[in-house]
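Here are a few friendly notes to read alongside the model. They take up a surface spot and then the aromatic rings.

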Amino acid sequence: PLFDTHNPNFAAIFFRKQLSEVEKGLFAEWQKMYPKLGATITKLKAKFPSGAVIDYDHLQNESTVEIERRFKGLSIPAFYFAELDQIKFDTLKRVIASNRNPYGIRNRIIGTCNPAPSSWLRTFISWYIGIDGYVDPDPDRKYRYFYIYGTEVSDIIWGNTKDEVL
C-alpha cells in the first residue's frame, strides 16, 4: 500500500475475516514498520504525514444488510484482503463497487488466497490456474477485464480488453 502514501487523498483498507486476526497479525506487524515511515498509529489505523490513511478491518459479519451499510457510498482506491477465499462473492462485489476515487489514484484490489477447488474464488481466477492446480506461467501477471451481469461468480463476462468485454 505504500505506493500512494505520499498522496493526501489516498486511502486503503486491509481486511482479514476475524478481528482477532487483524489485531494479532497484520496490524501488529505494520505497527512496527509504519512509524519508521512517519506514520501515526491509532487503533487499527495508520495515518501518514501526507494525510494518506490505511485502515485495518475485519469482515466477520457478511450479512447483506451489514455489507451494504459498511460499503455504500465509499470511494476507496485500494482494498487488500488476507485470505480472499474466506469472504463471500457478494462481499467482493460490494467492495468492487466502492473501489473508485476522483483523484487519479490507480484503483486496486489485491488478495492473497489458497482457494479450495470448489470455492467461488477458484472459479473466479480459473483462467490463471494450470491443470496441475498451480499458477499457469503464461497468463500470470496479465490483466483481464470483466463485467458481472448477475449474482453468481458464473455470471461474469471476461475479456482480454475492455472492447472484448463490451
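1. Leu2 is partly exposed, with a relative accessible area of 36% (buried means under 20%, exposed over 50%, partly exposed in between; 1.4 Å probe, protein chains only). Its place is in the segment before strand E1 (11-16); helices (H or I, at least four residues) and strands (E, at least two) are DSSP runs, numbered from the N terminus.

2. A word on the basis: this is a predicted model, where local features need pLDDT of at least 70 and side-chain atom pairs count only at pLDDT 80 or more, while totals for chains, interfaces and linings use all residues. Residues are numbered from 1 along each chain as its sequence is written, and side-chain values use heavy atoms, leaving out hydrogens and water.

3. How many aromatic pairs does a search of the whole structure find? The search finds 17, where rings of Phe, Tyr and Trp (its six-membered ring) pair if their centres lie within 6.5 Å; planes under 30 degrees apart count as stacked, over 60 as edge-to-face and the rest as tilted. One of them is the tilted pair of Phe14 and Trp30, at 4.6 Å centre to centre with 50° between the planes. Phe14 lies in strand E1 and Trp30 in helix H1 (residues 19-33), so this pair ties together parts that are 16 residues apart in sequence.

4. Phe15 and Phe79 form a stacked pair, 6.2 Å centre to centre with 10° between the planes. Phe15 belongs to strand E1 and Phe79 to strand E5 (residues 78-81), so the pair ties together parts 64 residues apart in sequence. Both Phe15 and Phe79 are buried.

5. Ring pairs also link Phe14, Trp30, Tyr34, Phe48, Tyr56 and Tyr80 into a cluster.
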